[in-house]
Amino acid sequence: MRDNSVLRKLLGLCVSTVVVVGRELVEAGDGGRSKLVVWVRRRARVRGRCGRCGAVAPWFDNGGGERRWRHIDMGMATCELVAEAPRVTCPEHGATVAEVSFARHDSAFSRAFEDLVVFDAIVSNKLAAAKRHGISWRAVDHMCIRVATEALGRIDLLEGLVAIAIDEVKYKKGHKYLTVVCDHLTGRVIWAARGRNKETVRTFFDALGEERAAQLQFVTCDGAEWIRSVITERAPEAIVCLDTFHLIGWATAALDEVRREEWNKLRRTGGAHSAKEFKGLRWMLLRNWENLSSKQKGTIRDLERANRRAFRAWQLKEELRDVMSMPLAAARRGLDSWLAYASRSRLAPFVKLARTIRHYRDSIEATLEWKLTNGIAESNNAAIGRIRSAARGFHDPESFITMIMLNRAGIAPQLPWAAAS
Ligand SMILES: [Zn+2]
């Protein structure tokens, strides 16, 4: 193999489109990294294409002469590709820089380099990826947008939807929310936008279109009326299910409210020691029974004697979880007796919850009947939470949406060598 062919292979450049014509190792004088500069050109038989749309287009002029792209590092050295960047006349875009096979349009980095950086940004975060590759945070941010935009242009995530989940996600303190839509069958996030109101949900249905909205059979969501009313308006045929994830969340919140009331009561009556002990119970009470150690289970059993109200609240939360995992007929009976018990519990938060559950009873039974369980919403919510904390919050909602899509919509780039020829 000739040297230039070896180099071309090492650089992962495609043999059918690119020829390596020269190279030079530029030593850094100040103790910095050396740079391998590689001159390449398009193969003569490959026709010129528009950099923006890829349409075959005739030569226009030599453009701005040589251009440079940062490529994947070669050992200890960084690497730069250099090529002529002529312009072509696209019927649609006019005089445009011709497409190069190894880089996205309007980028100072090669496609492989960008894919690698975005891959790193997804598994860690943008700042870590920026440090790792010695580029700015902003450059990483732009790469994420370019990669996501390209991928989303290739596939239509809104095609063939039958069952979806609509949910809200916080992106910043002070009631800043996104609305996120997932596909129940694939588990993927398929749409996200800033805001949580009827208008946001309508924007989703606008993108979906009337015909595809009519194909929707199930929509799961929480009790939010702003979601429900738009579903009634735009997808009247769809069965609205109440997400069990949210239902259990409400019961957990009611339990926490009871616990807090009891703790305050203890504090007021001077039981400082028991109040402190009681406060420590918080996380134990909120966890699922099967995730507790036997010592923790003992503590909860002791609670039955120590504080009957808190124990009853804990029982109600656990029983509701049980009911939601039963087969339909048993769950219906279970829900009846749960509602009766909760209404008579004399625990205000649970009396209120029983009223809410009666209000959404049809949606809850639809969930039980069609087994559209909490898995999707729960795992996506957890993943979105991880994305947010990895980035230590997002100021720009669009940037957050881009990371959610790259992470959860199945459009993350492969590592460059996975596809190298
Ligand atoms: Zn074009």
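These legends go with close-up views of a predicted model. Local features need pLDDT of at least 70 and side-chain atom pairs count only at pLDDT 80 or more, while totals for chains, interfaces and linings use all residues. Residues are numbered from 1 along each chain as its sequence is written, and side-chain values use heavy atoms, with hydrogens and water left out.

View A. C50 (SG), C53 (SG), C90 (SG) and H93 (ND1) coordinate the zinc ion at 2.0 to 2.3 Å (donors are N, O and S atoms within 2.8 Å of the metal, or 3.2 Å for Na, K and Ca). The 4 donor atoms subtend angles of 106 to 115°, so the arrangement is tetrahedral (four donors, all angles between 85 and 135 degrees). Along the sequence, the donor residues follow C-x2-C-x36-C-x2-H. C50 sits in the loop between strand 2 (35-42) and strand 3 (59-61), and C90 in strand 6 (residues 87-90), 40 residues apart (strands are DSSP E runs of at least two residues, helices H or I runs of at least four). C50 is buried at 0% relative accessible area, and C90 is buried at 4% (buried means under 20%, with a 1.4 Å probe and protein chains only).

**View B. Rings around W191.** W191 and F204 have ring centres 5.4 Å apart and planes at 65°, so they pair edge-to-face (centres within 6.5 Å, planes over 60 degrees apart). W191 belongs to strand 10 (residues 189-194) and F204 to helix 5 (residues 198-208).

**View C. Arginines over rings.** The charged end of R196 sits over the ring of Y177, 3.7 Å from its centre (CZ of Arg or NZ of Lys within 6 Å of the ring centre and within 35 degrees of the ring normal). R267 lies over the face of W263, 4.3 Å from the ring centre.

Note on methods. Tetrahedral: all angles 85-135°; square planar, octahedral: opposite > 155°, others 65-115°. Buried < 20%, exposed > 50% of the residue type's maximum accessible area, 1.4 Å probe, protein only. Phe/Tyr/Trp six-rings, centres within 6.5 Å; stacked < 30°, edge-to-face > 60°.
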